[in-house]
Amino acid sequence: MLKKYRWDIAFWTVQVFGWGGLTYIAYLFTPNTDGYKETGFFYFLLIITFGIGVICTGLLRWYLNKNVSLDNFNTKELAKILVAITVSSLLYFGLSYCSGFLKGYFDREVIKIPDLYKEFGVGLAILNSFLTIIGWTIFYMSVKIVFKLNADRLERSELNAALKQSQLNTLKGQINPHFMFNSLNNIRGLMLEDVDRSRDMLTKLSEMLRYSLTKNDINSIALREELEMVENYVALSKIQMEERLVFETDIPANTLDLPIPPMIIQLLVENAAKHGISKIKSGGKIFLKAAASDKELLITVTNTGALSIAKDSTQLGLKNIRQRLRLLYGEKASFSLVEMNGEVISTIIIPL
């Protein structure tokens, strides 16, 4: 908000001094034919030209800011600029011409204009209006592009720093000491019953740790890689919850190679198991589904239970999801968590 306020002040300052300077140049270079520069009509034209110029280009700036996008500049945006220049130029000429005509008419003043203007007449005035507005537009768009490039550079620097911090937070959230402690204890107990399965669970735990460490510093992986991580987590969780935890998936083949942020689905499944299934004596089901369209990937994790967040919970996992989606995709991605008909539904939409 402060940046916009400063930009507005800078714009109107340049606007006033720019048109003031242009008006002064017009005063200096206008021929004083038959004492034309000494008439009240001439000074009226200077003042009205200044005012009309400020108003027309102010409206032009409002239109350009509202309708022309520099982020996705193409021929359509260029056409908008050309149309805006044409309309603004005609408005500038029309208001100037009508003001001068009305002034001369009501004052009943004999207006002696320079020979050059008399020779070319209205055509010269229109051409002058176009050249003036085109010059203003080129200057304004050039300054705006320079400011945007600088702002984009600063924003990228800030986003990179924030993304690094988000990745660190994700790492902290994923290497959960409590989960590791429980998993190792469960595997130790399982060794007395099934050595082969215990060995398999140790392998899955080590794969989870390696995944957390190696994938944390990248922004996207294939969906199939994330599913392997999720399956390892579910297998380890089942040592303790056994048949109480039912895990089902519906993952179409056309989504397996689509890019997603690493650990994001694992966070949803972990949240569903920890805060949903583990709190239900009879257990429940976690259902993971993915669906892709031409523009977006939809991921939903549905679990039996109620949406309840403990007062002492930091909600680090949920905060990580929202922050990473915002940093990577801006407003194009979304995350929601709702309770409906005895189930908690987590939904992530990622643009393709």
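Glu248 is partly exposed, with 36% of relative accessible area, where buried stands for under 20%, exposed for over 50% and partly exposed for the range in between (1.4 Å probe, protein chains only). The structure shown above is a predicted model, in which local features need pLDDT of at least 70 and side-chain atom pairs count only at pLDDT 80 or more, while totals for chains, interfaces and linings use all residues. Residues are numbered from 1 along each chain as its sequence is written, and side-chain values use heavy atoms, with hydrogens and water left out.

Helices (H or I, at least four residues) and strands (E, at least two) are DSSP runs, numbered from the N terminus. Lys285 is partly exposed, at 34% relative accessibility.

In total, the structure holds four salt bridges. Another of them joins Arg224 to Asp257, with the closest N and O atoms 2.9 Å apart. This pair also links distant parts of the chain, since Arg224 sits in helix α8 (residues 223–241) and Asp257 in the loop between β2 (245–250) and β3, 33 residues apart. The two partners fall into separate accessibility classes: Arg224 is partly exposed at 37%, whereas Asp257 is exposed at 54%.

A further salt bridge stays within one helix. Lys80 and Glu77 both lie in helix α3, three residues apart, which is about one turn of the helix. The closest N and O atoms of this pair are 3.6 Å apart. Lys80 counts as partly exposed, with a relative accessibility of 22%, while Glu77 is buried at 8%.

Attention now turns to the aromatic rings. The structure holds two aromatic pairs. Rings of Phe, Tyr and Trp (its six-membered ring) pair if their centres lie within 6.5 Å; planes under 30 degrees apart count as stacked, over 60 as edge-to-face and the rest as tilted. Trp19 and Tyr92 form a tilted pair, at 5.7 Å centre to centre and with 40° between the planes. Trp19 lies in helix α1 (residues 2–29) and Tyr92 in helix α3 (residues 75–107), so the contact ties together parts that are 73 residues apart in sequence. Trp19 is buried, its relative accessible area being 3%, and Tyr92 is buried as well, at 5%.

The pair formed by Trp136 and Tyr140 is stacked, because the ring centres are 5.1 Å apart and the planes meet at 10°. Trp136 and Tyr140 are four residues apart in helix α5 (residues 122–174), a separation of about one helical turn. Trp136 is buried at 12% relative accessibility, and Tyr140 is buried at 4%.

Patches are made of residues with over 30% relative accessible area and no salt bridge, like charges being joined within 9 Å and nonpolar side chains (Val, Leu, Ile, Met, Phe, Trp, Tyr) within 5 Å. Accessible areas come from the Shrake-Rupley method with a 1.4 Å probe, and for residues only the protein chains shown count as cover. Tyr24, Ile25, Leu28 and Phe29 make a nonpolar patch of about 470 Å². Leu28 is found in helix α1 and is partly exposed, at 44%. The other patch carries negative charge and gathers Glu193, Asp194, Glu242 and Glu243. Asp194 is located in the loop between α6 (177–190) and α7 (195–214), and Asp194 is partly exposed at 31%.

Met263 has a positive phi of about 75° although it is not a glycine. Met263 is found in the loop between β3 (259–260) and α9 (264–275), where Met263 is buried, with a relative accessible area of 1%. Asn341, also not a glycine, has a positive phi near 55°. The loop between β6 (334–340) and β7 (343–351) holds Asn341, and Asn341 is exposed, at 75% relative accessible area.

Terms used:
Salt bridge = Lys/Arg side-chain N within 4 Å of Asp/Glu carboxyl O. Lys, Arg positive; Asp, Glu negative; His and termini not counted. Charge placed at Lys NZ, Arg CZ, Asp CG, Glu CD.
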